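Here are my notes on the model, as numbered points. Please read them next to the coordinates.

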Amino acid sequence: MADDAHFAPYTHPAGGWGAAKATAKALLEQSVAGKGSRALLSMNHPDGFKCPSCAWPNPEREKTLEFCENGAKALAFEATKRRVDAAFFAEHSVTDLMARSDYWLEEQGRLTEPMRYDPASDHYVPVGWDEAYATIGETLRGLDHPDQAEFYTSGRTSNEAAFLYSVFVRAYGTNNFPDCSNMCHEPTSRGLPMSIGIGKGTVVIGDFAKAEAIFIIGQNTGTNSPRMMTELVHARKRGVPIVAVNPMPERALIRFTEPQDPVKMATFGSTPIASEFCHVRIGGDAAFLKGMMKALFETQDAADAAGTEGVLDLDFIRDHTAGFDTLRADIDATDWSDIVAVSGLPEEQIRRVATIYARSNATIMCFGMGVTQHQQGARVIHQIANVLMLRGNFGKPGAGICPVRGHSNVQGDRTVGIDEKPTAAYLDRLGQVFGFDPPREHGHHVVESVKAMIAGTARVFIGLGGNFIHAIPDTEVAYKAMRGLDLTVGIATKLNRGHLVHGKQALILPVISRSEIDVQATGPQFVTIEDAMSNVTSSRGVLEPASPHLRSEIDIVCRMARAALPDSAIAWESYIDDYSLIRDRIADVYPDLFAGFNTRIKEPQGFHLTIPPRGRIWKTDSGRANFLVLDGLDEDRPVDDAAMLRLSTIRSHDQYNTTIYSNSDRYRGVYNTRMVVFMNREDMAAQGITDRGRVALETIADDGIARRVDGLVALAYPMSRGSIAGYYPELNPLMPIDHFDEISGTPAAKSIPVRVMADG
Ligand SMILES: Nc1nc2c(c(=O)[nH]1)N[C@H]1C(S)=C(S)[C@@H](COP(=O)(O)OP(=O)(O)OC[C@H]3O[C@@H](n4cnc5c(=O)[nH]c(N)nc54)[C@H](O)[C@@H]3O)O[C@H]1N2
Ligand SMILES: Nc1nc2c(c(=O)[nH]1)N[C@H]1C(S)=C(S)[C@@H](COP(=O)(O)OP(=O)(O)OC[C@H]3O[C@@H](n4cnc5c(=O)[nH]c(N)nc54)[C@H](O)[C@@H]3O)O[C@H]1N2
Ligand SMILES: [Mo]
């Protein structure tokens, strides 16, 4: 542990001056106070760029500033004055860089020119763009089969770049599209269509002003989508109950001061957020939701017996749903004692929350990684949809389901073709528009791609953004697999671990970032993104690129395509010159969603993609919204070990996924270290662990692989019983590759069965 590590509980409201100070500090530390502040004024404005941090949409209200502390941090670290240039790589060998922390790597600044790995010297050395493309083209053409290559996408990639990438990869001959969504909201993308016919949220931002109750399940709003706090503050001021369901009492869900409210800032006022905090056990959400349904059914039965009005929306259930009787039978067969034991919540609290829900005529349920990253994550989402359907909370103002997406364009990337399981109809259409025969066999998602690397069947990895190696499970195993590849390519803004754990040949291709000006042959270009509420908006950078040698993602994708497919009839080069041509092709492939794309995108607020359940249209097999059953109550497979605790791997307030902005986590009272485990005091006592004592974590798994992380400090923290938490990516070595959501394949990063060992 670092010498200056310390711990001090945070007792103030979240937001407020602390957030304002942290914003200024990030800009100053990256030496971009003036430039960064100016750029912040363009962030999320109609003629500016979209914040690269999260996928929360802009509000409908008029506001002068529309950014948050963590968006400002993301911008400061992107606009940093520091540079990782040829001199930097000449000074540091890859072995030297491997010994540095992720925080140190992130601090070094922006990549400036293409580099290739030189095995003789163990250094990255400059390479010309043409030579880099030639290497990629030759290697891809030299494979026995296109399925030997894995094409990763991270969710910052624009619609235009992602779309062309998907065309290139399919024209090359594979559907291997592992993407960050596979580790994130994939249970939503795959699970929700089974319930309501679409894998996207059904609310728009204006619904928050009309909601009569809001649920936040397994999502750390104040850190990961801080602009959402504005909606919650407004809702609470209107007296709307907010129910937070979380094994950790996250600060911003308790009290919050709007950093953009000068009166509150000056008077130190704050708004209480959660009117009801459900201190659920990790993995107890399904039990909680089933408890709510049980309480609703009991109330309905009592009302029916008394001849009074009940709590279920019987018209909606009759006219719009299927599977009610099966659901009812499942809930009737579930005992309260089991619900209480598995959820960790008192029966009376679940009943109280059910009453809050029953009194609301319009309820929004939001959820994040605390729900998706479980072995039955998709089926927990089904239970959320069930609860909403019981009171007709789809297709009416102020109501609906709200998966809070992560990366700013993760939703859009899927919409425009980053999908390892494309439908036949989509492939037909793609083939018609571009004049080739796309591969029909489904490709690899993240877990399958890692397995292909481990098995040695994958030979090439290309990463369009992101930091695959530190996002995936089983770090140690994955390192070895990645090092066995013939070629790894990182298309990136910043140096990260993925560039250091590389194949026999390796390239780093540096890109123009979201906040930077992108000028091509026909003039300055803009790109588009789709936020978590299906609004498509334009994004136009305002800053000078970090180096004159950077290329846009679109440029790189098109030139990789040309190098790999020299005879391709697709006019790749024309798309580099004029991005509106790409939007025309997107409209051709998806006429239902994007007809008239280039005209509609000129509207200042962009346009909204159709979400059929908003009109009570259900594109499911049954043609109705389906009530779906989760067998039993456990959202993770039970483990027969009395010492087992469930580990949730989470984000600190000062990181963006694998990129670490500082080693502190202010709202959780942790300073200058990330090697901690948050534990309930009684669990500590039961296992002989002392507060602030050193511990190690060991995974409980039956695959014969020993997984252990040492050097952690155990912190007594108000966790629910049986639940512990620590940081991602430091704890990823504990995550078995086979521990994933059954429906979607998403690694179950919130429920790793572990033992805590004293003196680690
Ligand atoms: N500043 C910043 N913003 C970000 C990101 C970032 O790293 N930094 N990442 C972006 C991305 S890609 C994503 S996906 C989102 C992630 O945003 P979140 O979904 O908020 O992700 P996590 O920080 O992983 O934490 C999820 C929450 O789930 C809770 N939790 C853990 N296990 C359970 C459980 O079993 N049940 C319940 N009910 N809760 C549980 C944890 O205590 C935590 O509060 O944020 C996006 N925005
Ligand atoms: N244990 C555990 N593991 C997890 C999670 C968890 O909660 N727990 N969460 C999962 C989730 S939700 C996600 S989304 C994944 C995240 O996985 P990724 O999306 O792969 O990871 P990031 O850390 O967001 O990627 C950061 C890198 O992206 C590059 N980058 C930044 N901006 C740009 C850009 O504009 N263009 C390009 N080309 N590159 C850019 C930079 O080089 C930076 O180093 O991790 C997953 N892994
Ligand atoms: Mo994510």
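**Notes on the predicted model**

1. The end C-alpha atoms of residues 645-752 lie 8 Å apart. This span is 6% helix and 34% strand. Helices (H or I, at least four residues) and strands (E, at least two) are DSSP runs, numbered from the N terminus. UniProt, in an unreviewed entry, places the feature "domain: Molybdopterin dinucleotide-binding" at residues 645-752. UniProt positions follow the numbering used here, feature names are shortened, and annotations may be inferred rather than shown by experiment.

2. Ground rules. This is a predicted model, where local features need pLDDT of at least 70, side-chain atom pairs count only at pLDDT 80 or more, and totals for chains, interfaces and linings use all residues. Residues are numbered from 1 along each chain as its sequence is written, chains are lettered from A and ligands numbered from 1 in the order in which they are written, and side-chain values use heavy atoms, with hydrogens and water left out.

3. Helix α8 (residues 159-172) packs on helix α27 (residues 553-564) at about 10°, with axes 9 Å apart. Axes are lines fitted to C-alpha atoms, for helices over the stretch in contact, and angles run from 0 to 180 degrees between N-to-C directions. The two helices are therefore roughly parallel (under 35 degrees; over 145 is roughly antiparallel, 65 to 115 roughly perpendicular, the rest oblique). Residues of α8 in the contact include Leu164, Tyr165 and Phe168; those of α27 include Ile554, Val557 and Met560. Contact means heavy atoms within 4.5 Å. The contact has 10 nonpolar, no polar and two charged residues. Ala, Val, Leu, Ile, Met, Phe, Trp, Tyr, Cys and Pro count as nonpolar, Asp, Glu, Lys and Arg as charged, and the others, Gly among them, as polar.

4. Helix α9 (residues 186-196) meets helix α20 (residues 377-390) at about 45°, again with axes 9 Å apart. That angle makes α9 oblique to α20. Among the α9 residues in contact are Gly191, Leu192 and Met194; α20 contributes residues including Ile381 and His382. By class, there are six nonpolar, five polar and no charged residues.

5. Strands β5 (residues 115-118) and β6 (residues 123-126) run antiparallel, joined by four bridges. Strands pair if DSSP finds at least two bridges between them. Tyr117 stands opposite Tyr124. The two strands form a hairpin with four residues between them, and Asp122 in the turn has a positive phi of about 60°.

6. An open three-stranded sheet has the order β21-β22-β23, with antiparallel pairing. β21 (527-530) and β23 (607-608) are edge strands with a single partner each, so one side of each has no neighbour in the sheet. Four bridges link β21 to β22 (residues 535-539). Val527 stands opposite Ser539.
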